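Here are my notes on the model you sent. Please read them with the structure open.

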Amino acid sequence: MDPFLSVPTLTIICNNFEPVTGERYNPGPRGIAEKAENYLRSTGGAGTVFVGPEAEFFVFDDVKYQADPYNTGFKLDSAELPINGDKSYEGGNLGHRIQTKAGYMSTPPGLRSRNTIAWFCTTMPAINIVTESYHVVL
């Protein structure tokens, strides 16, 4: 059961197969990992392969998207983005923003979403996802 939703929701992890041929869906990440493991085993590169997913967090204040035939795209916004250093905010704007690609493993006060990310990571064991560690990248 997914603990992040207020409505009971079941999360299912499974392998994907082509419906017509019954073969593994090649572009699927689980299929790619299986092929990599089989390749390493066949070449003697490894007897066992350990693969661990990395949860990615993208927290935005505003998301807009358009998917019309002649106008397709998206626009993301967050008070933490470098483009908002001169934006007016109720209560003021401190002006400091973590610059693009300079936020690897960011910490507060530059990163407001740290508590949200920590909550996700500490709640994941409830759905049998063990979190060894986490960091934040902007």
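**Notes on the predicted model**

1. Glutamate 37 is partly exposed, with a relative accessible area of 24%. Its salt-bridge partner is arginine 41, and the closest N and O atoms are 2.9 Å apart. Both residues sit in helix α1, four residues apart, so about one helical turn separates them. Arginine 41 is partly exposed as well, at 41% relative accessible area. Keep in mind throughout that this is a predicted model.

2. How many salt bridges does the count come to? The count is four. One of them joins the side chains of glutamate 34 and arginine 24, at 2.8 Å from N to O. Glutamate 34 belongs to helix α1 and arginine 24 to the segment before α1, so the pair ties together parts ten residues apart in sequence. Arginine 24 counts as buried, at 17% relative accessibility. Glutamate 34 is partly exposed, at 35%.

3. Another salt bridge pairs the side chains of aspartate 77 and lysine 87, with 3.0 Å from N to O. This pair links distant parts of the chain: aspartate 77 is in strand β2, and lysine 87, ten residues away, is in the loop between β2 and α2. Aspartate 77 is buried, with a relative accessible area of 15%. Lysine 87 is partly exposed, at 34%. As background, side chains of opposite charge can pair when their charged atoms come close.

4. Now the overall layout. The protein has two helices and two strands. Along the sequence they follow the pattern α-β-β-α. Of the 138 residues, 16% count as buried.

5. Strand β1 covers residues 62–68 and strand β2 covers residues 71–77. They run antiparallel and are joined by seven bridges. Together β1 and β2 form a hairpin, with two residues between them. For orientation, alanine 67 has threonine 72 in β2 as its bridge partner.

6. Which residues form the nonpolar patch on the surface? They are Phe58, Phe60, Val63, Tyr65, Phe74 and Leu76, with about 700 Å² of accessible area together. β1 and β2 each supply at least two residues of this patch. Leucine 76 lies in strand β2. At 30% relative accessibility, leucine 76 counts as partly exposed.

7. A search of the whole structure finds one aromatic pair. The rings of tryptophan 119 and phenylalanine 120 have centres 5.2 Å apart and planes at 70°, so the pair is edge-to-face. Tryptophan 119 is partly exposed, at 42% relative accessibility. Phenylalanine 120 is partly exposed too, with 26% relative accessible area.

8. Please check the backbone at asparagine 128. This residue has a positive phi of about 65°, although it is not a glycine. Most residues other than glycine have a negative phi. Asparagine 128 lies in the segment after α2, the helix spanning 114–123. At 73% relative accessibility, asparagine 128 counts as exposed.

9. Where is glutamate 54 found? Glutamate 54 is in the loop between α1 (29–43) and β1. Its relative accessible area is 55%, so glutamate 54 is exposed. The C-alpha atoms of glutamate 54 and threonine 131 are separated by 9.4 Å, while the two residues are 77 apart along the chain.

10. Is glutamate 23 buried or exposed? At 53% relative accessibility, glutamate 23 counts as exposed. Leaving out residues up to four places away in sequence, glutamate 23 touches Phe17 and Glu18.

Notes: Residues are numbered from 1 along each chain as its sequence is written. This is a predicted model: local features need pLDDT of at least 70, side-chain atom pairs count only at pLDDT 80 or more; totals for chains, interfaces and linings use all residues. Side-chain values use heavy atoms; hydrogens and water are left out. Buried means under 20% relative accessible area, exposed over 50%, partly exposed in between (1.4 Å probe, protein chains only). Two strands pair if DSSP finds at least two bridges between them. Contact means heavy atoms within 4.5 Å. Rings of Phe, Tyr and Trp (its six-membered ring) pair if their centres lie within 6.5 Å; planes under 30 degrees apart count as stacked, over 60 as edge-to-face and the rest as tilted. Patches are made of residues with over 30% relative accessible area and no salt bridge: like charges are joined within 9 Å, nonpolar side chains (Val, Leu, Ile, Met, Phe, Trp, Tyr) within 5 Å. Accessible areas come from the Shrake-Rupley method with a 1.4 Å probe; for residues, only the protein chains shown count as cover.
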